[in-house]
Amino acid sequence: MKTISRILAFCFLAVMAFSCKKSFLERAPISNANAENFFKTKADFDLAVNAAYNSLYTTYHPEGPVSYVSEQMSDNAIVYNISGIEADKWAFKDYALRPNNTMLYQFWQECYKGLYNINVVLSKIDGAEVEAAYKEGVKAELMFLRGLQYFNLVRIWGDVPVVLTPLTGEESYAVSRSTQADVYAQIIKDVQFAAEKLPLQSKITVKGKASKGAAQTLLGKIYITMGDKAKAATVLTEVVNSKEYDLLPTYAALWGGNVKNTKESIFEIQHIGGNPANPYSRYHQGFFPNTNIFQFYGGGMNQVTDDLWNEYETGDVRQDISISKGYQNGNVFVAQKFPKKWLDANAVVQGGTAYASNNFMVLRYADALLMLAEATGNAASLNLVRARAGMPLFGTASYPTAKYPTLELAIEHERRVELALEFHRWFDLKRTNRAIPVLSAKGKAITQDKLLVPVPEIVRQQNPVITQNKGY
Amino acid sequence: MNFKIYKTFKGLLLLTFALLTLQVFAQTGEVTGKITDEKGGPLPGVTVQAKSGASTISAPDGTFRLRNVPAGESLTFSSVGYTAKTVNAGNKGTVSISLDATASTLNDVVVVGYGTQTKKAVTGSVVSVGFDRFKDRSFSNVTQALAGQVAGVNITQAQGAPGQSPIIRIRGISSITAGTNPLMVVDGVPLENFNLNMINPQDIESVEVLKDASSAAIYGSRGANGVIIITTKLGKAGRSTVSAGYEYGIQKVTRKVNMMDAQQWIQYYIDAHNNAWVDLGGGRQAGDPNSVRPSNYKIPEDFITNPAQFGKGTDWQDVMFRTAPSQNAQVSVSGGTDKTQFLFSTAYLSQDAVLDRNYYKRLTLRSNIRHKVSEKVNVGLNLGVTAIYDRTDGTQGKSDVISLGIQSDPIFPVYNENGNLGYRDPNSVWNRFISYGDMNLWHPYSLTRFIDKQNKSFNTLGTGFLEYSIIKGLKFRSSISANLANSKNDFYVFKNQGYGYSSLLNSSASTGNSFMLNWLTENTLNYDKHFGDHSLNILAGYTAQEQRDEAAGASAAGFANDLVQTLNAGTTYNGVSSFATEWSMLSYLSRVNYNFKNKYFLSGAIRRDGSSRFGSQRRWGYFPSMSAGWVVSDEDFMKNVNAINFLKFRASYGMSGNNQIPNYGAISLLGASNANYASGGTLLNGQSVTTIPNELLRWEKTSQFNIGFDMRFLKNRVNLSADFYNSITKDMLLNVPIPDITGFSTQLTNIGRMQNRGVELALTTKNVVGDFNWTTDVNFSLNRNKVLQLGPGNAPIIYTDYAVAVKTEVGQPISNFYGYVFDGVFKNQKEIDGYPHDATTKPGDPIVRDVNNDGKITGDDRTNIGNYQPDFIGGITNTFSYKGLEVSAMLQGSFGGEITNQNVRYLGWWNNGRNMFSGVVNRWRSEAEPGDGKHFRATLANTGLQSQYSNYWVEDASFVRIKNIRISYTLPEKLLARTPLKNTRIYINAENVHLFSKYINYDPENTTYNATSYSAGANGLAPSGIQAPSGAFIGVDYGSYPVPRIITFGIKTDL
């Protein structure tokens, strides 16, 4: 009886112990950090800034919005057999995009997820107890990234909602699409701030982070897209005069798994290969034909058209450096052209994936020079690019003037071959108002409305204040 | 001779019995006697209780001896299932008596939450299924045997692999985002998402299903999906029984998917290429040679010049499926004395799966003991230990063995001339097909024989309790329970997989393990009081429960050869990770049961739950319930209504909750995945915010109103129960889609309302009674599910996974299939010109209905094209018995639901050269050969919305199934008289005997997606879509595992 009384007493005590212990129900997550305690120290912000840069991987993914739109909607690329949700991927090349296209919705989500990762840092940094210079540096970097993100959004969708701070669900219903002009105004504000505050490329210790030159070159691209050639010329001239950049001696030197952050590179997305835990480079695999003879599954995206292949002048070394003519499969050569620029011969291949190291250049000096030629009407910088490729200079007798009689056409041609498959073509054709004439001449079903893609239907179902683009 | 053995045995038992009882009673007046049943047979295990306190239990031969009985004392004889009798012992010293079996089962005890009730006193909606109803069924999970037997409970076998738990829906589906599985309560321990395969059905005494909210409300925040209570067996005092059983079974896939043979497929392949080539225009002709075609339009010369060489080709289903044996052996010992009762059991199940190289082996051990320490104190311990070793492939849908096997092209042989599996063998003549990017072979053996894998699962569930009678009627009970689950899985891929897979991969291996500990302490006070006509039972309790889950995994590659498969032999490691999560819960509960004259019943209960999962501001919730019952047939005015033997009305209202959300759903978390960056060759770590916080997150609440009646009439031969319920779920835990411009697609919020209304009928008729008995059990249930309110602006929720879209909108049931309507096939260009169509449409493409009549085919022409929820379900079981022979047959039916055959995405239109459903043979080929008007033309580009989700994918899921046929024969005692065997039965049990259905895949119950749950260990396909709960895609079959026919032969005997 005594024992039993003791047991009972113990049980009651146990009950009381739990009742009193309020913390029994308070469980901190074990394998994730709680965001409440974050954004305090410099180390926290470093981590969060890296996460903001990570959004470049989705935006510039070989199966990302910029890749699909810039190449597949242009005359450079096509897709045949691919994996995944084929019909929705094929729709880009055929201008058959519908508002229920799942790829478009995924791109929309990813773009704004990236913007959230940027905005959340910008919203916390001002109140944080970190040194002022650090604050300013972080803000400049993130405003560069934000400007770049909106620049892509506005070029793809036209009017888009502009979000500059983290929004709650309730707040977000009030945000409708801003006009393209307003979006551009915001982009310029961000990128100008970045251009003022960011250090020169040579002063940057952590390679790959945004520099003054990157912001200026982006600004040049934004101005030229808006049609403001004078401002573009000014800012691009500053880039040239900074002497921070130069063309590499050969075109071939630009490419390879170990070629990173060269003198020609202005803004470059950083990858590390080797294993799946690293942010490895997906371009070669993504652009390899949809087969797996090399142990990895080729994504089959952005297969190269004969039209692009034929754009190269005879003897242009850039043709073979940029494009593979096909691949050998056993005794058979399969003639299907695909991009070659991001081949990493030393990539570790494991479990169907090639863990390549190639970086991806978003902005490079050749691009800046060609934009400068376009902005100023001076062929000199165009000819720097041609000279490096070993091709006859514009204005000389051996230049194919019959084919490209004007400087504008010469630049259009040069951009296509020099920057082939680097996610420029569609945007170049659009900003020069050449998309419809050029593409319809090649039999593509392009119309004015197709220059913008539709707003995903889910976005509009969630919030009816979001309007649709014309023609969808 | 046999008499001698019997006598010896009897003598031994009596001796044991005498020894055990000797010390209990003092030696005074003694009463002896024999207790028999109505037919004069001995009745063991009857409690004989003297008024003054002495008691004993009758021996196996029905005799008893009770000492310490004063003269003239009255004795009460009672036993479960028999009407108790009280007689005066007088001075005779001997009493012989016969007890009558209880006329009805109303005095049967039903297990309810935290206690038991007589059936008569049940005022909610509780169904009790006893061991007899599933004892011969061959399932490893007891709920599988309940399918089609319980009104209001829809149990569907989503996949047929051994050990696959069914999806259980009690009274419809109450949540969109939160988990939808009922709470499992095993010997009093509430366990979320518990795998019932861990409990051997042969050890189970009864299964109770608490359907209505008033019954489930005592489980508070976990009761909204209903509760299933499992009670394991305990020996009965007075008799030790050794039971042994053995079963041998054979399993077979009896219903295959009709696929094209090699000739049909080659013709399809040629048509697709030629049509696509001609579609390019510019005068291209179907007869153009390969030399003028780009690679993806080329056709193998073999197909054109000599297709006959391929014959009918290979039927990959015949390759991967086999007739598989299973064995199940079981031994248990149970018995006890007045003071101690026990059950020890062990069983071993060894089941080969119908799928090549797959198996399921289970060992279970159980020890249940209850001991009376003193008149006031009882203690007990239930302990179950289970180990399962299995290899299960084919349940992951689209990219698992079964689906891939069906997709494989029939032209390839099972073995090539080198004895290898596939055309990727560089030394094989078949290697010539490698240059075509649109040939497919995922040889089943490349996955079952060139991948080694095994899962091992261990589960220990123990409950120790102490009961203390403080004063008469007041009992304190305290229990401590622990559920410890461990699992380990190993996986090794052989280099090149016999050349049978879609690519040649290097060898790789992975290993993973998980750990789960759930502990619970429950402390309850129970007060029973009878005064006059009043009867009162009060329960109050306090419980605390905690669970911790841990998991770790690693994988390796770079194995030198296939000799050593453990990770140490690898040279590169990746995917190394581990994680842990926890939840905790505190609860207070109370219930009052009152009845007057055993005629008017009233019950009220409340539970207060606090959970770590919820927002700090909303951690606690109250779950009240009320119910009442009235036994009308006991009223005086009914006394003369002879037709009605029993009639009870029940009404209840209660509120229960759903807490099945992720453990840290209320907190904003940081994550490291997709957050890192790099600089040159240096990795830069990152952290990003992955979820939005919601401090106001709280319980999902379901309130349900239930009315029903139980009735017996025509001399107790007809037994009818009916229930009507209306339940409203509010504050639904919904991953509300929020505008993506927030950076998030959804936020877990309490929003929205949903309704489930339904009718349930259960009817049992004893059609013939006597030596020959014929009983019919019928159940019928109907549930109507309707969404009443959703997030801001009631915006519909559309989830899409691989083209299949499900739409949840106000006024409709949850998860309607949402797609285009195909009204046949355009026969010619003239028809196309005369109807709205997509610009890419060509003759032979589908006629897409212009649903909104705007003259254009756009996304707005998609509409609701079906829903998986059936209009009604039912089951009929007929049982015939004659002496020792018993035959029963069960029909199960489901009517009015639809199923999405997501394999249409691979097998219904051109998808890079996969094999096709044989129905596609009847496709449109030309204006002169328009086919069956359903199957559109072959082409590579899927023109005219061919590939869009449409009613072409949706089929009628109605079916009638001969679910079970059972023949059992109890050997006559005469035959066994020479042996120590007693109660020996032999039986044949057949499951899934025949399916009547038009569905073109294996089974209209197939669902490849899991029911939503937030626990580890789920097996099935998770949607790839962002934040979509897998349960949203129930009713979508993406290449599921067929449910085989299983025939078992068994023998069971008692010693």
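Colleague: Which residue in β30(B) does Asn34(A) stand opposite?
Modeller: This is a predicted model, where local features need pLDDT of at least 70, side-chain atom pairs count only at pLDDT 80 or more, and totals for chains, interfaces and linings use all residues. Residues are numbered from 1 along each chain as its sequence is written, while chains are lettered from A and ligands numbered from 1 in the order in which they are written. β1(A) and strand β30 (residues 669-671) of chain B run antiparallel and are joined by two bridges, and two strands pair if DSSP finds at least two bridges between them. In β30(B), the residue opposite Asn34(A) is Leu669(B).

Colleague: How many helices and strands are there in chain A?
Modeller: Helices (H or I, at least four residues) and strands (E, at least two) are DSSP runs, numbered from the N terminus. The C-alpha atoms of chain A fill a box of roughly 115 × 60 × 45 Å, taken along the principal axes. Counting its elements gives 19 helices and 13 strands.

Colleague: Which element supplies the largest share of the side of chain A that touches chain B?
Modeller: The contact takes 83 residues from chain A and 82 residues from chain B, where two residues are in contact if their C-beta atoms, placed from the backbone, lie within 7 Å. Elements supplying at least two residues of chain A's side include α1 (2-20), α2 (42-59) and α5 (102-125). The largest share, nine residues, comes from α5(A).

Colleague: How many of the 24 residues of α5(A) are buried?
Modeller: A residue is buried if 20 or more other C-beta atoms lie within 10 Å of its own, exposed if 12 or fewer, and partly exposed in between, with C-beta atoms placed from the backbone. From its first C-alpha to its last, α5(A) reaches 35 Å, close to the 34 Å expected at 1.5 Å a residue, the expected span being 1.5 Å times one less than the number of residues. α5(A) is largely enclosed by the rest of the structure, because its buried residues number 20.

Colleague: What covers the buried residues of α10(A)?
Modeller: Helix α10 (residues 229-241) of chain A has 13 residues. Ala232(A), Ala233(A), Val235(A), Leu236(A) and Val239(A) are buried in α10(A). Just after α10(A) comes Lys243(A), with a positive phi of about 60°. The cover over those buried residues includes, in chain A, α9 (212-226) and α14 (365-376).

Colleague: Does Ile471(B) count as buried or exposed?
Modeller: Ile471(B) lies in strand β22 (residues 451-471) of chain B. Its C-alpha atom is separated by 8.6 Å from that of Lys376(B), 95 residues apart along the chain. Because Ile471(B) has 8 C-beta neighbours inside 10 Å, it counts as exposed.

Colleague: Which residue in the turn of the β40(B) and β41(B) hairpin has a positive phi?
Modeller: Strands β40 (residues 797-801) and β41(B) pair in the antiparallel sense over five bridges, and Asp801(B) has Val804(B) as its bridge partner. Five of the five residues of β41 (residues 804-808) are buried, so this strand is largely enclosed by the rest of the structure. Two residues lie between the strands of the hairpin, and the one with a positive phi, about 45°, is Tyr802(B).

Colleague: What distance separates the centres of domain 2 and domain 3 of chain B?
Modeller: Chain B is divided into domain 1 (21-98), domain 2 (109-236) and domain 3 (866-870 + 882-888 + 893-1054), with bounds from an automatic or database domain assignment. The contact takes 21 residues from domain 2 of chain B and 27 residues from domain 3 of chain B. Taken over C-alpha atoms, the centres of these two domains are separated by 23 Å.
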